[in-house]
Amino acid sequence: RRPNGRLPPYMSDLRSRSTPSRRVLVISPFYEGERGTMRSTVVLARALARQHTVQVIVGEHPPSVRHEPPRLTVVGLRDFVLRDPINYNIIPGIFSAVRRALQEFRPDVVLVNKFMFFSAFSVFVVRRARVPLVISTDTFPGISWFPRSPMVRRVMALYARTIGVRILRAADHVVLFHEALMPDAERFRLPFSVIHTGVDRARFFQGVPPADDIRRLADPGEHILVTLARLETIKGLDVLLEALVPALTRWRAHLVVAGRGAQAGALRQAVRSPRVHFLGYRRDVPNVLAAADIFLLSSFSEGLPNAVLEAMAIGVPVIATNVGGVPTVVRHGETGLLVPPGDGGALRAAVETLLNAPEQMRAFGGRAAALIAEQYDASRMLAAYTELFDRLCREH
């Protein structure tokens with residue numbers, strides 16, 4: 001190094017050649033905002049932008065173009081949303097936007113997150129451009145993930161097996177966020193690998209200060225239970241509230257619900273308790289999670305929720321439903337507790353068990369944080385995607 005700490009030009013050149021930067025186009029139904037947030041896209045795009053130049057095309061209202069340092073641009077296109085229980089957004093301008101990005105941004109790799117949304121139809125535009133194409137997913141909706149509405153379940157199952165599988169097979173490679181999806185990927189003969197969703201441990205770590213407004217809710221010796229989710233029927237919040245609200249006074253506990261969604265109004269009207277607090281949309285997610293004594297997930301179907309990973313990274317014990325990829329991280333009796341989906345009695349019993357065992361709570365939290373640090377760090381995810389992109393670009 002030179003005295004000013006900089007590398008000589010030839011050394012900088014060697015470093016850049018050893019870890020090549022590529023142009024990556026990411027296509028997703030949502031990014032981040034009050035209209036809709038897709039945490040897996042946000043985490044992935046920001047991690048990739050540490051090394052690569054990234055452009056993200058998403059649906060949002062109102063549309064916008066914004067830049068995030070160091071090398072990330074988010075292009076938000078006007079969309080309209082089919083509300084709960086469908087939870088599907090349509091982005092009319094996405095095909096022309098993708099064509100324009102292919103011509104002007106000239107990506108080395110295109111990554112489509114979530115293959116069952118309207119935005120995934122853009123894979124057929126990408127295929128004509130002969131650019132390496134990756135699809136990433138934490139669920140197989142209509143195959144191993146289902147909404148609670150019977151009619152929507154039937155439509156989703158038909159859609160998945162006719163259109164969804166064609167979209168998956170159009171990709172050069174499919175990235176699964178967790179191992180629970182592997183049997184279905186093998187059954188559909190997909191070229192796949194597992195790359196764990198990463199957690200930005202610069203933001204989510206043990207010792208994050210708790211949100212002041214949440215900690216002020218509880219008197220000394222009282223507990224705070226937190227759930228963070230889109231307020232939609234699939235998240236099972238009606239079951240959670242019915243099971244836990246009657247016991248909150250006896251437990252000397254407060255229940256905090258963070259998030260927005262179509263069910264927000266109905267849930268607020270159904271619950272009249274000074275111990276239940278609806279926070280709405282929050283940007284200070286690490287601080288919200290750090291205020292929790294226990295994190296709760298009550299979903300009927302899931303992939304691998306970022307909120308669970310982030311709570312675990314902070315060292316918060318988790319009680320979650322045994323669905324999707326959740327058991328790959330919430331290991332029953334080791335890093336948290338699992339309960340059957342829709343079983344309010346089991347959820348209530350699990351909360352009571354942990355509240356009466358503070359040493360077990362601390363042990364769960366410590367082991368959970370260690371697991372995330374070892375296997376789910378965003379740096380590991382970035383390295384795995386970079387290696388995949390390098391291989392696909394060589395093959396093309």
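Which residue of β9 does V134 stand opposite? The answer is H173. Welcome to this predicted model, where local features need pLDDT of at least 70, side-chain atom pairs count only at pLDDT 80 or more, and totals for chains, interfaces and linings use all residues. Residues are numbered from 1 along each chain as its sequence is written, and side-chain values use heavy atoms, leaving out hydrogens and water.

**The sheet**
- Strands β8 (residues 133-137) and β9 (residues 173-176) pair in the parallel sense over four bridges; pairing requires at least two DSSP bridges.

**Helices on the sheet**
- Helices are DSSP H or I runs of at least four residues, contact means heavy atoms within 4.5 Å, and angles run from 0 to 180 degrees between N-to-C directions of axes fitted to C-alpha atoms, for helices over the stretch in contact.

**A surface patch**
- F80, L82 and I86 make a nonpolar surface patch of about 260 Å².
- Patch residues have over 30% relative accessible area and no salt bridge, with nonpolar side chains (Val, Leu, Ile, Met, Phe, Trp, Tyr) joined within 5 Å and like charges within 9 Å.
- A salt bridge puts a side-chain nitrogen of Lys or Arg within 4 Å of a carboxyl oxygen of Asp or Glu, and areas come from the Shrake-Rupley method with a 1.4 Å probe, where for residues only the protein chains shown count as cover.
- L82 sits in strand β5 (residues 80-82).
- L82 is partly exposed, at 34% relative accessible area; that class lies between buried (under 20%) and exposed (over 50%).

Key:
Helices (H or I, at least four residues) and strands (E, at least two) are DSSP runs, numbered from the N terminus. Buried means under 20% relative accessible area, exposed over 50%, partly exposed in between (1.4 Å probe, protein chains only).
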